[in-house]
Amino acid sequence: MTGERTAVTRSTPLLALLGLLLLLFGQPAAAGFARAQWEREGWFTSFEGGLERARVSGRTAFVYFHAEWCSWCQQYKRDTLDQQRVRTALARDFVRVAVDFDARPDLMRRFGGKGLPFTVVLSPDGAMLSRFVGAMPPQDLLDVLGTLAPASGRPPELTFASGVVLHQVSSLDRRGYNAFRAAYLRHLESLYDPAREALSGQFATGVTFKRTSLLAWIYLMEQNLWTERVQSAARAERQRLWDPLDNGFFNFIDPTRAEYLESSKLLEVNAWMAAWQAQASAHEPQARQSAMQTWRYLREVLWDKARGGFFQAQLADNAYYALTPAERRRRGAPPVDSAKRTDTNAQAVWALLRLGRFTGDKEAIDHAAQTMNFLLREMWHGGRLYHLWREGRRATPDLPHNWFWVLAAGAELERMRPDRARRTQLVAISAVAGRWLTQRMRDAPAARIDNELAGLIARTAGHRDLYPRLPTDAREWALRQLRIETETPPDEPVIGLWAWEEKLRSLP
């Protein structure tokens, strides 16, 4: 996310209301369909290939982001995109492009995607005409398409929108840190829902946030803030999201849609949940049991016993989870998505190290090391760090978020279990990341990067002993990118806050 303003469609009052209802943060992902099936139905599965077809043909591109593991787009594909009148309109007026979110998170960031299913409509020259999050009924989607298709005879009316900045960094001293942290806590307070005991309220824009904010709760616990709320939230999330039959934590429950369960079980959700519950066990013994059960789920269900590393998710299947326990046992649990992502495996490394530290479980630390070894063996290849591993193939190299997730997690691992060979590979990755960062800082010193990447860079650059090839002023440059906006997710600023606190501790 660069901070550039992006074009969105100005719609009728009905569609504006629909857009507000649909822009629900963290809404689940699109149907789990193989690339070949999309292509049989006439969709491009390469974003670049689809955009080139749009340019050559002079047609508008309908770019639809989906993921293999989630339930909302299983429903959206079936109930809307596969309806004959929708299929006809899309095939007639648009170049259709289906993008696998797990393979191309960089595109989601580029277009400001906040959740799945996510759709972007682009002109033949690649300019954004519209974007929307969520699952539309067939007629509502047709109404929107009618305003965007060239055949309508009228160009779409465009307006521009960007996130409203509530606070940005003024200085990097303790006063600047205290001001930023205070703004962050005010932002969390505005999202806290006391009825649900969760950070699932509405942003100032009216958009509802739903995902469990695990890093935010971990940060609050570390800072001895919101003590009673943190403990209550840990209990509430166990009751809401834990699957007592098959184990594992579900992604989230949508309180705005009759407590709709998003039943995928994601790697990063379960890894950080295990770390949070382990940390909460200092105050509540049951939290330790939850942490260990979650760790067992990660090890037994998502761990690839043959090649190492964690699979991305156990697929959603809301019909299965609606069955009685006896019916579920007869049918068997949903399968696991075979994809492995570099960023979420690196998060699992960091989370398992925290789990091991708070529980004393050596096996968790062993698996953290094995996971990092998988990343360095399978995903770091030919001087490039790849993003996705699926069916024995690597895809999507050189995404900055991946570099810095691996480097940040690698630094945490080196603190607990140093290894010379692993360190050599981490330094090699830091050299590649350092060249990109040097160019980025030189070309655009004030360029906007998102809070997650800024925090990861700042945290990584603080380890000068391990990563001397990063620019000497990278940490300060990255910290100055942090900001609180109206729709900043609670987890995004946390790693930046950790990096800033580390910097302050090093001052005389």
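**Cavities, pockets and buried residues in a predicted model**

The second largest cavity has a volume of about 80 Å³. A cavity is a set of points on a 1 Å grid over the protein atoms alone where a 1.4 Å probe fits but cannot get out; grid points are joined across faces, edges and corners, and a volume is the space filled by probe spheres set on the points. By this rule there are three cavities of 30 Å³ or more. The model is predicted, so local features need pLDDT of at least 70 and side-chain atom pairs count only at pLDDT 80 or more, while totals for chains, interfaces and linings use all residues. Residues are numbered from 1 along each chain as its sequence is written, and side-chain values use heavy atoms, with hydrogens and water left out.

The second largest cavity is lined by 13 residues, and those closest to its centre are Arg196, Ala198, Lys210, Thr212 and Glu237. Lining residues have an atom within 4 Å of a point. Helix H10 (227-241) and strand E8 (252-254) are the elements that give two or more residues to this lining, and H10 gives the most, with three residues. Helices (H or I, at least four residues) and strands (E, at least two) are DSSP runs, numbered from the N terminus. By class, the lining of the second largest cavity has five nonpolar, three polar and five charged residues. Here Ala, Val, Leu, Ile, Met, Phe, Trp, Tyr, Cys and Pro count as nonpolar, Asp, Glu, Lys and Arg as charged, and the others, Gly among them, as polar.

Leu191 counts as buried because its relative accessibility is 0%; buried means under 20% relative accessible area, exposed over 50%, and partly exposed in between (1.4 Å probe, protein chains only). Leu191 and Phe203 are twelve residues apart in sequence, and their C-alpha atoms lie 6.7 Å apart in space.

The second largest pocket holds about 710 Å³ of space. A pocket is an open set of grid points with protein on both sides within 12 Å along at least five of seven lines. Its lining has 26 residues, of which Arg35, Asp100, Ala103, Leu388 and Arg390 lie nearest the centre of the pocket. At least two residues of the lining come from each of helix H2 (35-40), helix H3 (47-57), strand E3 (94-100), strand E15 (384-390) and strand E16 (393-397). E16 supplies the largest share, four residues. The lining of this pocket divides into eleven nonpolar, five polar and ten charged residues.

Strand E15 also contains Tyr386. Tyr386 is buried because its relative accessible area is 16%. Apart from residues up to four places away in sequence, Tyr386 touches Thr342, Met379, His381, Arg394, Ala395, Thr396, Pro397 and Asn402.

Glu378 is in helix H16 (residues 362-379) and counts as buried because its relative accessibility is 10%. Its side chain and that of Arg307 are joined by a polar contact of 3.1 Å. A polar contact is a pair of N or O atoms within 3.5 Å; within protein, one must be able to donate a hydrogen and the other to accept it, and residues adjacent in sequence count only if both atoms are side-chain atoms.

Arg422, in helix H18 (residues 420-443), is buried because its relative accessible area is 4%. Another polar contact, of 3.3 Å, joins the side chains of Arg422 and Glu414. Beyond neighbours within four places in sequence, Arg422 is in contact with Ala369, Met372, Asn373, Leu376, Leu413, Glu414 and Arg417.

Helix H7 (residues 138-148) is largely enclosed by the rest of the structure, because eight of its eleven residues are buried. These are Pro138, Asp140, Leu141, Leu142, Val144, Leu145, Thr147 and Leu148.

For the chain overall, there are 21 helices and 17 strands, and 59% of the 508 residues count as buried. Of the contacts with a separation of 6 or more, 74% are between residues 24 or more positions apart. The chain exposes about 20,500 Å², of which carbon and sulfur atoms supply 50%; accessible areas come from the Shrake-Rupley method with a 1.4 Å probe, and for residues only the protein chains shown count as cover.

Conventions:
Contact = heavy atoms within 4.5 Å.
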